[in-house]
Amino acid sequence: MGIRGAKYLLVAALSCAAALCLPAYASARNDKASPPPSEHKTYRVEGGRLVEQSPIVVADSASQTAVLPTKEIPADSTAALLSRREQRRLEKALEDSTHTRYSPIFRDSIPISRMCAISLVIPGFGQLYNQQYWKIPLAYATLGASIYGFAKENKPYQRYKTNYDAMIARNAPREELDPVQTEMIRYNTYRQLCMAGIYASWVYFVCDGAVNYPGATTSVKKATTLSTILPGAGQFYNRSYWKVPIVIGGFATFAYMIDWNNRGFQRFKLAYNLRMDGDDNTVDEFASSYLTPEDLLKYKQSYRRNRDLCIILTGAFYLLNIVDAHVDAQLKDYDISDDLSMALEPTMLNLCSMQKPRTQVPGLTFSVRF
């Protein structure tokens with residue numbers, strides 16, 4: 001066998017060695033590349049008990065993951081005696097939300113308060129975050145139609161209002177004022193309806209985004225957020241329906257009082273300015289009455305003071321509405337189970353004195369269990 005035969009034998013030997021070593025090398029590389037199964041334990045609360053789940057990797061050809069039967073913590077453990085609020089806190093603490101992605105656009109979850117704040121500036125952001133894209137055209141169509149209607153009705157209203165103020169300044173007769181005032185009131189009514197449509201559509205889509213928020217949040221935070229956006233919405237979310245008419249009626253009453261005092265303030269302010277301008281051609285509506293300039297000034301200040309007080313009370317009522325929704329949502333989870341009890345029982349008390357080392361006297365014991 002010559003040199004050529006030796007070459008052939010060497011190539012055949014190398015081929016056999018490669019055929020034997022390559023499968024072992026590939027297997028070792030795959031074992032090194034694949035991470036070991038995670039030992040992170042997951043929990044869930046069922047029926048007032050903390051239940052642990054331990055995932056394991058099944059050694060089969062499909063390399064699938066199976067879950068062991070749930071392991072229940074014994075009843076004498078402190079974790080098994082949790083209230084509903086503590087259970088939710090524990091679930092939230094154990095929940096791994098670092099890789100949660102609620103939307104293909106937003107990688108990290110956004111808190112509900114931040115989402116609502118952005119929705120107030122950009123209508124439809126809540127629907128975009130909640131992946132309810134079909135609601136966005138409805139939001140902008142409703143909002144755009146209301147804005148267009150307001151702009152259309154505001155122009156003739158401002159024109160009639162300017163004419164009406166000029167006629168009042170020159171003390172025009174009632175026969176000339178009535179037609180102008182009627183048209184002014186008609187356009188103002190349409191304008192206010194469009195303003196209500198703008199407010200209603202804006203607030204509705206912000207509240208809709210908060211109600212359908214997909215992230216992890218508590219009912220307390222959601223109720224507080226809804227009451228901040230729209231007074232009475234938090235009470236409705238807490239199912240305290242009887243409080244909703246009280247909240248709406250309270251705000252309607254304060255709005256009427258603010259408007260009433262503001263109109264009185266503007267009326268006496270105009271009369272006082274006309275009385276004190278020094279022009280005999282301008283006559284105020286109280287010129288033929290017994291009211292002096294001092295009386296007009298006093299009435300003007302009184303209406304302004306009442307208007308400002310009503311505004312302050314409206315702000316306080318708004319804060320009270322938020323606090324009520326927050327506290328009501330907190331009390332929904334208040335523990336009123338049978339473990340809360342108190343007892344008053346007769347007993348014998350041991351008394352010690354100088355004359356008698358130990359004396360038993362009847363008494364009462366009061367015990368509270370919580």
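Contact here means that heavy atoms lie within 4.5 Å. By that criterion, and leaving out residues up to four places away in sequence, Gln132 touches Gln127, Asp208 and Asn212. Gln132 sits in the loop between α4 (125-129) and α5 (135-169). Its relative accessible area is 17%, so Gln132 is buried; buried means under 20% relative accessible area, exposed over 50%, and partly exposed in between, with a 1.4 Å probe and protein chains only.

The model is predicted: local features need pLDDT of at least 70, side-chain atom pairs count only at pLDDT 80 or more, and totals for chains, interfaces and linings use all residues. Residues are numbered from 1 along each chain as its sequence is written, and side-chain values use heavy atoms, with hydrogens and water left out.

**The chain as a whole**

The protein chain holds 10 helices and 7 strands. These are DSSP runs numbered from the N terminus, with helices (H or I) of at least four residues and strands (E) of at least two. Of its 370 residues, 27% count as buried. Among contacts between residues at least 6 apart in sequence, 55% join residues at least 24 apart.

**Two helix pairs**

The table lists two packed pairs of helices. Axes are lines fitted to C-alpha atoms, for helices over the stretch in contact, and angles run from 0 to 180 degrees between N-to-C directions.

| Pair | Axes | Angle |
|---|---|---|
| α7 (residues 219-229) and α10 (residues 293-331) | within 8 Å | roughly 160° |
| α3 (residues 112-121) and α6 (residues 174-211) | 9 Å apart | about 155° |

The angle given for the α7 pair makes α7 roughly antiparallel to α10. Likewise, α3 is roughly antiparallel to α6. Angles under 35 degrees count as roughly parallel, over 145 as roughly antiparallel, 65 to 115 as roughly perpendicular and the rest as oblique.

α7 passes α10 in a right-handed crossing. A crossing is right-handed if the near helix is turned clockwise from the far one by less than a right angle, and left-handed if anticlockwise. On the α7 side, the contact is made by Ser219, Val220, Ala223, Thr224, Ser227 and Thr228; α10 supplies Tyr318, Asn321, Ile322, Ala325, His326, Ala329 and Gln330. This contact has 6 nonpolar, 7 polar and no charged residues. Ala, Val, Leu, Ile, Met, Phe, Trp, Tyr, Cys and Pro count as nonpolar, Asp, Glu, Lys and Arg as charged, and the others, Gly among them, as polar.

The crossing of α3 with α6 is also right-handed. Here Ile112, Met115, Cys116, Ser119, Leu120 and Val121 of α3 meet Trp202, Val206, Gly209 and Ala210 of α6. The classes in this contact are 8 nonpolar, 2 polar and no charged residues.

**Cover around α7**

Helix α7 is mostly covered, with 8 of its 11 residues buried. They are Val220, Lys222, Ala223, Thr224, Thr225, Leu226, Ser227 and Ile229. The buried residues of α7 pack against α3, α6, α8 (233-237) and α10.

Leu319 belongs to helix α10 and counts as exposed at 52% relative accessibility. Leu319 and Thr228 are 91 residues apart in sequence, and their C-alpha atoms are 8.4 Å apart in space.

**Cysteines**

How many disulfides does a search of the whole structure find? The search finds 0, where a disulfide is a pair of cysteine sulfur atoms within 2.5 Å. For Cys207, the closest cysteine sulfur is that of Cys116 at 7.7 Å, too far for a bond. Cys207 is buried at 10% relative accessibility, and Cys194 is buried with a relative accessible area of 17%.
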